[in-house]
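Please take a moment with the sequence and the model below before reading on.

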Amino acid sequence: HDLVREAEASPSAAALARGHERVAAWLVSPEPLTARAVRETGRAAAPALLAVGPRVGSRTATLALLADVLGPAQAVLAVAEPWRDDARRVDVDLPALGNAVPYADLELVLGLEALPAESAERLASAWRDLTLGLSRRWLIAHPRFLQALRHEAYAVRNEALELLGREGPSEITPSVVAYGLADRAALLRRTAAALAGEAGFRALARRAAEDPAAVVREEAVRSVARLEGRDAVAFLVQRLETDEAREVRAAAALALVNGAGDDPRAIDALLRRQVEEEPVLRDAIGARLAELPAAPVVEGIARGWQRALERTEPSRGYLFRTALIFGRATGQGLGYYPDATREELRGMLDRMRAWLAAQHGSRAAPDGPGGLRTRTGRGR
């Protein structure tokens, strides 16, 4: 055993040559078999691994092999030594070390002494980028978190973000969420959009709402609605009326019904979708509107009918579907039929006004696009 330790501490020329040969073979064909040969060479492979240029092959894989043959702590210190002479290497080496060694060993770079000013500045900047504002407590408790967050496999990266949401919600930082929103996997970006909602990052939640993937926009709509409440009405209306994905429009509609069911802007937008929306979502919106307090819904229907009757050709689809909602909401039928004349339609609008007057006393149907007027019996 003593002879083995001595040989590892001071490899012979033959061992060093063998190390160079095996590292060269691994660089040509980076496979498990060639990597195992490098590991079996032990410390004799370290000089050859350290000599590999920072931009040759996978820097992370090279440093992971180095950590295997030297141990993580010694590998970190060996990789950092050239930073004294070449500050630019920090930008390549530190992210790769973060992917190759546990956090406790990675922290050794923070104790490096006598670094030139440029190297120290680059190290501070690269450290912020690498650790994403996460607390030292979290990273010490989860020493492989940074590696998992940058793993090649989506499932590993996503599990890291979900772990943060489950076990460390107070640890979530804007940098972590922004990093997740830039991931190549849409499902991971969806997880990041959910974290934005949980952590209260409104700007990031709204950024996620512009994502090209519908699953991300859908989650972002939920997050914005949760964070902004009634202040999100304009945003949700815009999503309901313009987003190309049905699931995103559905999320916006649900948020409007649940969070702003008495807001005229929300009701008007939901009623408008009764014409343009596909049947499944249209019927779902109608059913939810019928579950709201009836008065605000009827006020919205009356506003819509009044605008419709000001047009040369009112939308019969809108009138029909909103008449159904009126019936569900009030238990009273308007008697609408497709060939109803304009005068008959005005009479139906008057019946809405009468219903509203009974509910609100002197308040009645809208006299113009906005507001309510007192119903006097004149002007029918």
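**A walk through the interior**

W305 has a relative accessibility of 0%, and therefore counts as buried in this predicted model, since the cut-off for that word is under 20% relative accessible area. Leaving out residues up to four places away in sequence, W305 touches Y318, L319, T322, A323, L334, Y336, L345, M348, L349 and M352.

The model has five aromatic pairs. In the pair made by W305 and Y336, the ring centres are 6.2 Å apart and the planes stand at 80°, so the pair is edge-to-face. This pair links distant parts of the chain, with W305 in helix α21 and Y336 in the loop between α22 (316–330) and α23 (342–360), 31 residues apart.

Is Y336 buried or exposed? Its relative accessibility is 16%, so Y336 counts as buried. The ring of Y336 also pairs with that of F320, where the centres are 6.3 Å apart and the planes lie at 45°, so this pair is tilted. Because F320 lies in helix α22 while Y336 belongs to the loop between α22 and α23, the pair ties together parts that are 16 residues apart in sequence. F320 is partly exposed, with a relative accessible area of 41%. Together, W305, F320 and Y336 form one aromatic cluster.

The wider setting is the nonpolar interior. In soluble globular proteins, nonpolar side chains tend to be buried together. Here the largest nonpolar core has 118 residues, and W83 and W305 are those with the most contacts inside it. Helix α21 (residues 294–309) gives the largest share of this core, nine residues.

S119 lies in helix α9 (residues 117–131) and is buried, with a relative accessible area of 2%.

A further buried residue is V76, at 1% relative accessibility, which lies in helix α6 (residues 72–80). Not counting residues up to four places away in sequence, V76 touches L97, V101, D105, L106, L108 and V109. From V76 to D93 the C-alpha to C-alpha distance is 9.5 Å, and the two are 17 residues apart in sequence.

Finally, a charge and a ring come together elsewhere: the charged end of R150 sits over the ring of Y179, 4.9 Å from its centre.

Conventions. Residues numbered from 1 in each chain as written. Predicted model: local features only at pLDDT ≥ 70, side-chain atom pairs only at ≥ 80, totals over all residues. Heavy atoms only, no water. Helix = DSSP H or I, 4+ residues; strand = E, 2+ residues; numbered from the N terminus. Buried < 20%, exposed > 50% of the residue type's maximum accessible area, 1.4 Å probe, protein only. Core = buried A, V, L, I, M, F, W, Y, C linked by side-chain atoms within 4.5 Å. Contact = heavy atoms within 4.5 Å. Phe/Tyr/Trp six-rings, centres within 6.5 Å; stacked < 30°, edge-to-face > 60°. Lys NZ or Arg CZ within 6 Å of the ring centre and 35° of its normal.
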